[in-house]
Amino acid sequence: MLFRASAKTVAVMALDGSLFLHLTEQFVHLHGYRPGTSEVRSWERSIPVLAAALNDAGLGDVEVMLEYALPLNSKRADVVLAGVHPVTGEPSYVVVELKQWSQVLPHEDDPTLCHVERYSHPVLNPVEQVRRYCDYLVNFNGAVAEHGHRISGVAFLHNATEFDVAGLRDIECDGRGLLFTGQRRGEFLDHLRSRLSDERSGARAADELLSGATVPSKQLMAVAAEEVRERQQFVLLDEQQVAYRMVLNAVERAKRADRKEVVIVTGGPGTGKSVIALQLLGELYRRGVAAVHATGSQSFTKTMRKVAGSRKREVQDLFKYFNSFMTTEKNSLDALICDEAHRIRETSANRYTRAALRTGRAQIDELIDVARVPVFFLDEHQVVRPGEMGTVDDIRAAAARRDIVCRVVPLDSQFRCGGSDAYLRWVVRLLGLEPGGPVVWEPDDRMQLLLAESPEELEAFLDARRAEKYGARMSAGYCWRWSPEPKPGDPLPLDVVIGGWARPWNLRGDRSVSGAPPSALWATDPAGFGQIGCVYTAQGFEYDWSGVIIGPDLVWRGDRWITDRTASKDPVFKKSTSDADVDRLIRNTYKVLLTRGMVGTIVYSTDPETRDKLRELVSGRSESRPAAFEEPLQRR
């Protein structure tokens, strides 16, 4: 929040200009840079209009909170008004989204979107925008979690006439999403008076909202428990059930003894880490335990939101990122489930982080501090970026510095790669991630491993498997330049070029382009076939058949692998990244790519000598369709 005062004070400061100087100074203090010209202009043009409306309605004692930050989120509501309800006498809050728009066109297919001339892309209908802000506050602010009726929302388009924005009303309006224009200012004043008393100060109500605990509401947890239960019917086996019970027991102990515990669950690809994480989430919610799921992967988090919250939008907000807890109070959660914890960074700060939060505090420390029982699911061989430091030793050391008990649960059995432990051992031996050197692949009845002599052969084989109703994806090492995202309707740039064969990388952004799915859905949307996935979009996912292109960044020479950092186009490798780190990360990258397949993997290397070595180790060729696939296999 940038500023808080009564409506009377806001009006006076807006009139003499001191308000905008104060907002700018506070913005610089919090963010470390000056607000943009358009943002300052919006303050200067919209806030005085709202302040005048409040005072004309006789609501000068209502408390005005400007640029109110939503909990566990980088989003800010333009204004939150705090007061007392004129009928019930309870605290009452109105979230206000201010727009200077004078003309808005509805989106032709979706009433929750609209078009504004200044933007080249669709934007969210402000009615939907403010409704979501209200719902989010109810879900995560303890002051209103059990009192959802206390909060309402309005979009105030003070420059617009009814004719100019008629299309915005196609969306269903309710108490948390109402629309008012400058033409109907009188109705806006009436609505404010219906929610806020003109006889009592709103200062205490504002205090209550600002001091509300940041936890998921009981209602939200109940909804999430139902969603996870309905969508995730998994049977946990052996050490999976052990890990599950150990976390639940740790949560109970922490509550009884008022003492923190850390639990680390380790396991390779497909050992069920994410399955356990979701099962835990559902069970903790059913028990009324305040818990949040977090990862360091945008693709993985968005997919979890889609899996567990596709029917209940509010459930999606329970899936966070590792950098969401920089300002969250210690022990505000009972449990924090950190999935893909090998992607924990040194610090949560990035170039967008405001200066006040650039403390250098370790991300591991933030994650441990925020919950009574932080749980880390990780695979140390999946560290693929410089600065990722989610290892057992790092987490143990952070716990030890705080004198916190730390328990480690290993997972051995795995359900990806056809359940073939032999294949996983073959991959880590191949890449030198475990001692002993590469060994010849001895086919088992669980996992198919084949070689392709060209990218055309690899793609044709996978396409044939898709015709048999299997899922398939192609991925590659980051050895080709990644062009900027094309404009809608334009073809995807063919960046991955091998001889006369060329295919595009998967999309980077959050929207579909030319039929290709957004980045986060590449691994799960059937339209992802045809684009080449990179490690950052493949990590954490699985598909029936995996086609892997080993690029020139990893080649076999003589009796060993050579990693060539000059062949990598990955921008995360800086000059300061040591050769040893680059070597380890490239090998880990191919370990991730080679362990995505559930039924089989087909491999192609761009390097002739490397292909020769792979032929020594693998006898299977893509032309010989394996007998095991005469009938479709039941998917695990």
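A cavity, found on a 1 Å grid over the protein atoms alone, is a set of points where a 1.4 Å probe fits but cannot get out, and its lining residues have an atom within 4 Å of a point. With that in hand, let us look at the structure above. It is a predicted model, in which local features need pLDDT of at least 70 and side-chain atom pairs count only at pLDDT 80 or more, while totals for chains, interfaces and linings use all residues. Residues are numbered from 1 along each chain as its sequence is written, and side-chain values use heavy atoms, with hydrogens and water left out.

## The chain as a whole

The chain has 18 helices and 24 strands. Both are DSSP runs numbered from the N terminus: helices are H or I with at least four residues, and strands are E with at least two. Of the 636 residues, 56% count as buried. Here buried means under 20% relative accessible area, exposed means over 50%, and partly exposed is in between, using a 1.4 Å probe and protein chains only. Contact means heavy atoms within 4.5 Å. Among the contacts in the chain with a separation of 6 or more, 73% are between residues 24 or more positions apart.

## The cavities

How many cavities of 30 Å³ or more does the structure hold? There are 5 of them. A volume is the space filled by probe spheres set on the grid points, which are joined across faces, edges and corners. For the lining classes, Ala, Val, Leu, Ile, Met, Phe, Trp, Tyr, Cys and Pro count as nonpolar, Asp, Glu, Lys and Arg as charged, and the others, Gly among them, as polar.

| Cavity | Volume | Lining by class |
|---|---|---|
| Largest | about 70 Å³ | 7 nonpolar, 2 polar and 2 charged residues |

The largest cavity is lined by V384, Y478, V535, Y536, D553, S568, D570, F573, L585, I586 and T589. Two elements, α16 (535-538) and α17 (579-594), each give two or more residues to this lining. Of the elements, α17 gives the most, with 3 residues. Around the second largest cavity you will find W482, S483, P484, E485, P486, L492, P493, D495, W505, N506 and L507.

Helix α17 also holds R587. Is R587 buried or exposed? R587 counts as buried because its relative accessibility is 14%. Not counting residues up to four places away in sequence, R587 touches L431, G432, L433, W561 and T563. A polar atom of the R587 side chain lies 2.8 Å from the backbone oxygen of L431.

An α-helix has 3.6 residues a turn, so residues three or four places apart point the same way. Two helices let you look at this in the model.

In helix α1 (residues 7-16), the buried residues are A7, V10, M13 and A14. They lie on the same side of α1, because they cover an arc of only 130 degrees around the axis. The arc is that of the directions from the helix axis to the C-beta atoms. V12, L15 and D16 are exposed on the other side of α1. After α1 comes G17, with a positive phi near 85 degrees.

In helix α6 (residues 185-195), F188, L189, H191, L192 and R195 are buried. Their arc around the axis is only 160 degrees, which puts them on the same side of α6. The buried residues of α6 pack against α3 (37-56), β3 (76-84), β4 (91-99), β8 (151-157) and β9 (178-181).

## Around strand β10

Strand β10 (residues 261-266) contains E261. E261 counts as buried because its relative accessibility is 6%. Which residue does the side chain of E261 meet in a polar contact? The partner is the side chain of R407, at 2.9 Å. A polar contact is a pair of N or O atoms within 3.5 Å; within protein, one must be able to donate a hydrogen and the other to accept it, and residues adjacent in sequence count only if both atoms are side-chain atoms. Leaving aside neighbours within four places in sequence, E261 is in contact with A250, R253, R372, V373, P374, I404, V405 and R407. E261 and C406 are 145 residues apart in sequence, yet 6.0 Å apart in space, C-alpha to C-alpha.

D258 lies in the loop between α9 (239-257) and β10. Phi of D258 is positive, near 55 degrees, in a residue other than glycine. D258 is exposed, with a relative accessible area of 55%.

Methods:
1 Å grid on protein atoms, 1.4 Å probe; cavity = no way out; pocket = protein on both sides within 12 Å on 5 of 7 lines; lining within 4 Å.
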